[in-house]
Amino acid sequence: MIRVSVIGAQGRMGSHVVAAVEAADDMQLVYALDRADDINQINADNTDVVVEFSVPDASLNNVLTMVNNGVHVVVGTTGWTEEKMDTVRQALSDHPQLSVFIAPNFAISTVLAEHFASQAAKYFESAEIIELHHPDKVDAPSGTALHTAHKVAAARQAAGMSAIPDNTQTDGGSRGQIVDGIHVHAVRLRGLNAHEEILFGNAGEQLIIRADSFDRTSFMPGVLLAVRHAGEQPGLSVGLDQYLDL
């Protein structure tokens, strides 16, 4: 049995993680903690893997605390920057047996869409990304869209492609955030959950790759998959695609 604790257990995602862990035949829920609780209750004596779904301002400290307590971490909180990840890498250098896994998105459909997009990127002159979420989401653009933009840009660069054509003369903010040369647009609309479109264009043709998560239960198979693989790759790793045999 994998002993699992959850940080952010009363949140929108954390509550689903608690239910998924309790329903899994190979897992045992140890602690379900939220912001008012002392996370130092979680340590290597009682927990194998902690799933961290809090808020961007608290996530880094939570992860560092768990590393210092000798526990593998699966992170679903968004808002991670390279600077924050470098801090985690430094902390892990003192705990070489531990793993911290960060997933920009746990939905299998979204991970596959990102993979397909990285394959398609070298065949199209133009590429843009639209991410659509509920208005309670605190970050924009989403971590998923940022991760997708980086992968699309890397594929284009590896193929030796030139910059995406864009003759817009006045911006005014309407062209979205530019990530490695890729325009990323964020929509916040009541009634949505989590959605992403990657748009590719050539003269006379268009390809749209879209992934929709209509309910947060769609993320749970990915969360449990990451928990089951925790510790297999010591150090910091990012992206669920590495566990999908792609």
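## Salt bridges

Arg89 and Glu82 form a salt bridge in which the closest N and O atoms are 3.7 Å apart, the term standing for a side-chain nitrogen of Lys or Arg within 4 Å of a carboxyl oxygen of Asp or Glu. The model is a predicted one, in which local features need pLDDT of at least 70 and side-chain atom pairs count only at pLDDT 80 or more, whereas totals for chains, interfaces and linings use all residues. Residues are numbered from 1 along each chain as its sequence is written, and side-chain values use heavy atoms, with hydrogens and water left out. Arg89 has a relative accessible area of 36% and is partly exposed, a class that lies between buried (under 20% relative accessible area) and exposed (over 50%), computed with a 1.4 Å probe on protein chains only. Together with Asp86, the residues Glu82 and Arg89 are linked in a network of salt bridges.

The structure holds 12 salt bridges, among them the one between Asp26 and Arg228, with the closest N and O atoms 2.7 Å apart. This pair links distant parts of the chain, 202 residues apart, since Asp26 lies in the loop between α1 (14–23) and β2 (27–33) and Arg228 in helix α6 (residues 220–229); helices (H or I, at least four residues) and strands (E, at least two) are DSSP runs, numbered from the N terminus. Asp26 is partly exposed at 26% relative accessible area, and Arg228 is likewise partly exposed at 38%. Asp139 and Lys137 also meet through their side chains in a salt bridge, at 3.1 Å from N to O, and both of these residues are buried.

## Aromatic pairs

The structure holds four aromatic pairs, where rings of Phe, Tyr and Trp (its six-membered ring) pair if their centres lie within 6.5 Å, and planes under 30 degrees apart count as stacked, over 60 as edge-to-face and the rest as tilted. The ring centres of Phe101 and Phe106 are 6.3 Å apart and the planes stand at 55°, so this pair is tilted.
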